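This note accompanies the structure shown below. Please read each numbered point with the model in view.

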Amino acid sequence: MGNAISRLTPVELTAFVTQYARALDSRWPTPILGDTLADDIVSKIAYDFDAMGVPSSAVRQTALRAKMLDDRVRRFVAEHPDAVVVDLGAGLGTAMMRVAPPPTVDWYSVDLPNVIALRDELVPEGEQAHSVAASLTDDSWTDQIPSDRPTVLIADGLLAFLPESVVVTLFRRIPEYFSSGEIAMNDYGRVGRLNIAAMKIVFSAVGTQWAYRGFSDPHVPESWSPRLRLVEETSLSHAPEIDLYPVAARVSTRLMGMTKSGARTARILRYRF
Ligand SMILES: C[S@@+](CC[C@H](N)C(=O)[O-])C[C@H]1O[C@@H](n2cnc3c(N)ncnc32)[C@H](O)[C@@H]1O
């Protein structure tokens, strides 16, 4: 496994940041997500995770957005037992085990080949799970995925690392290829230069760059494809789980959520097609 880890590029290493964040959350006395499997997986990787210096604020946000995305997938598969779930930039994430969909659902995890190789070694998944080793910059990522079933696609922590042209092409491609479904993703609104500089510090140990500054108007992706319709914009700062935050973080997050621009800095967006 040591070789596989040393081959990871900075963008691929971001999979460690989010997985470790969920592992840390699961060790807290009152976890937000409580994904103990994330911690089991981290314990099998010989890597200095502490050196990544993942701040508690990132742990909380990563855990909460995963929980919110899980809820959306759970709802979709309850309505569509024949659904396909596609986790875009899945990393080492264990959303399938948390959601526990019925066996009639097929779950596809798409990520770059080095990450999928590690994922296949470390993430214990059953027959309904399928790995797709491909770059989302290449339209062929859909080749192994059925197109004719209700499909929910999730993107957790992905879009920031893709150039804008790739994000736009991806959002055009999804409703062209899949006959019907939803895309649910986490989002930060339009990210200012100061925040990008702050993120550079958060991700300095893995050395990756924030590539996409995003948009504040959640309707923007509708202009990329006529089939996309915004059906949800929900701020993390309005989630009931904020009550689990320590006092200072709870107050600052609630205050942030009181303005539209503040609420948009950590949100879940969902589009139907
Ligand atoms: C911050 S991680 C998030 C991983 C996972 N969603 C999670 O929550 O743990 C971003 C992921 O996007 C993947 N990624 C980045 N660019 C990609 C691309 N062009 N094609 C496929 N995956 C990509 C990375 O390899 C990494 O696993």
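1. In which helix is Val251 found? The model is a predicted one, and in it Val251 belongs to helix α9, which covers residues 247–256. Buried residues have under 20% relative accessible area and exposed ones over 50%; Val251, at 48%, therefore counts as partly exposed.

2. Val251 also takes part in a nonpolar patch on the surface, together with Val247, Leu255 and Met258. The accessible area of these four residues together is about 430 Å².

3. In soluble globular proteins, nonpolar side chains tend to be buried together. The largest nonpolar core here has 32 residues, and the members that touch the most others are Val86, Trp141, Ile145, Leu153, Leu159, Phe171 and Ile174. Two or more residues each come from β1 (84–88), β2 (106–111), β4 (151–155), α7 (164–177), β5 (181–187) and β7 (267–272). Helix α7 gives the largest share, six residues.

4. Ile145 illustrates the packing. Leaving aside residues up to four places away in sequence, Ile145 touches Val84, Val86, Tyr108, Val110, Val132, Tyr177 and Phe178. Apart from this core lies another, of 31 residues, including Ala4, Val17, Leu118 and Val206.

5. Finally, the chain as a whole. The secondary structure consists of ten helices and seven strands. For 273 residues, a compact globule would have a radius of gyration near 19 Å, and the chain agrees with this at 18 Å. Of its residues, 54% count as buried. Among contacts with a separation of 6 or more, 74% join residues 24 or more positions apart.

Methods
Residues numbered from 1 in each chain as written. Predicted model: local features only at pLDDT ≥ 70, side-chain atom pairs only at ≥ 80, totals over all residues. Heavy atoms only, no water. Core = buried A, V, L, I, M, F, W, Y, C linked by side-chain atoms within 4.5 Å. Buried < 20%, exposed > 50% of the residue type's maximum accessible area, 1.4 Å probe, protein only. Helix = DSSP H or I, 4+ residues; strand = E, 2+ residues; numbered from the N terminus. Contact = heavy atoms within 4.5 Å. Patch = residues over 30% accessible without salt bridge, like charges linked within 9 Å, V, L, I, M, F, W, Y side chains within 5 Å. Areas by Shrake-Rupley, 256 points an atom, 1.4 Å probe, with all protein chains shown as cover. Salt bridge = Lys/Arg side-chain N within 4 Å of Asp/Glu carboxyl O. Rg over C-alpha atoms; globule rule 2.2 N^0.38 Å.
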